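Please open the structure in a viewer and keep the selection tool at hand.

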Amino acid sequence: FDDELLLRFLYADDCELDKVFKRITKYIEWSNKTFPLVIQPKSKYIEILNKGFVYVYGRDGRFRPILIFRLVEFVKYEKIYSVQEVIYAGMFLGQFIINNLLLPGHIERWVLIINLRKTTLLSLPEHIKKLLPIMNEGFISRLHKTYVIGMNFFFRILYKIVCAFLHESTVKKIKILDGKKDQSMFKEIRKDNVEIDMGGTAPNARL
């Protein structure tokens, strides 16, 4: 636990020391159970990441890496992999980004684009309910902003449920894009760093 990590905790909770202490305590307990992650090249966690429901593609105008989450792909494999396997795969990807795609003191956060298009759900997948709080608490102050694409009326109802699993500071960073004509995302991200099927000009990732 270093000074840089402490600063991120203070920032996340607006320097409210009681909240910071509780969050640090939970983080240390979680971190001791989770790390170090030992993952082999042919492990199931790498197999999960290769399915293409979560990946890194491009950077924003400040060179923050862009993390893509496709719900339609996630739902395909929800019954195949356990919650713990999905969580470990997510943790591995998060640590990979920190170790290889960020630059301390210059680029310390990432952008998340959530693509909900082509997905119809009657309820929020259990995997996501369990994954969201862990990823939220495990990577304190790493998220710069989240853009959500394809949120229909039903997803807006689910969104209120999702917010219950997220920290208040995280919810404030979420931007719901209002249809295909909403260009607000491209004020911070060049179109050539976003895939065509999400409104950009970059080639679609081969899933």
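Begin with helix α7, and display what covers its buried residues: the cover includes α4 (71-77), α6 (126-138) and α8 (168-171). The model is a predicted one, in which local features need pLDDT of at least 70 and side-chain atom pairs count only at pLDDT 80 or more, while totals for chains, interfaces and linings use all residues. Residues are numbered from 1 along each chain as its sequence is written, and side-chain values use heavy atoms, with hydrogens and water left out. Helices (H or I, at least four residues) and strands (E, at least two) are DSSP runs, numbered from the N terminus.

**Helix α7**

Select residues 153-163, the extent of α7, and colour Phe155, Leu158, Val162 and Cys163, which are buried (under 20% relative accessible area with a 1.4 Å probe, protein chains only; exposed is over 50%, partly exposed in between). Viewed down the axis of α7, the buried residues fall within an arc of 145°, so they line one face of the helix; the arc is that of the directions from the helix axis to the C-beta atoms. On the face turned away from this buried side, select the exposed residues Phe153 and Lys160.

Next, move to the N-terminal end of α7, which is capped by asparagine 152: one of its side-chain oxygens lies 3.1 Å from the backbone nitrogen of phenylalanine 154.

**The sheet**

Now show the five strands, which form an open sheet in the order β1-β2-β3-β4-β5 with mixed pairing; two strands pair if DSSP finds at least two bridges between them. β1 (54-59) and β5 stand at the edges with a single partner strand each, so one side of each has no neighbour in the sheet.

Select β4 (residues 143-149): six of its seven residues are buried, so the strand is largely enclosed by the rest of the structure. Strand β3 (residues 110-115) pairs with β4 in the parallel sense over six bridges, and isoleucine 149 in β4 is the bridge partner of asparagine 115. Towards β5 (residues 174-176), β4 again pairs in the parallel sense, over three bridges; here tyrosine 147 stands opposite lysine 175.

**Helices α5 and α6**

Finally, select α5 (residues 83-100) together with α6: the two pack at an angle of about 35°, with their axes 10 Å apart. Axes are lines fitted to C-alpha atoms over the stretch in contact, and angles run from 0 to 180 degrees between N-to-C directions. Which residues of α5 meet α6? Val83, Val86, Ile87, Gly90 and Met91 meet His127, Lys130, Leu131, Ile134 and Met135, contact being heavy atoms within 4.5 Å.

Terms used: Polar contact = N/O pair within 3.5 Å; in protein donor to acceptor, adjacent residues only side chain to side chain.
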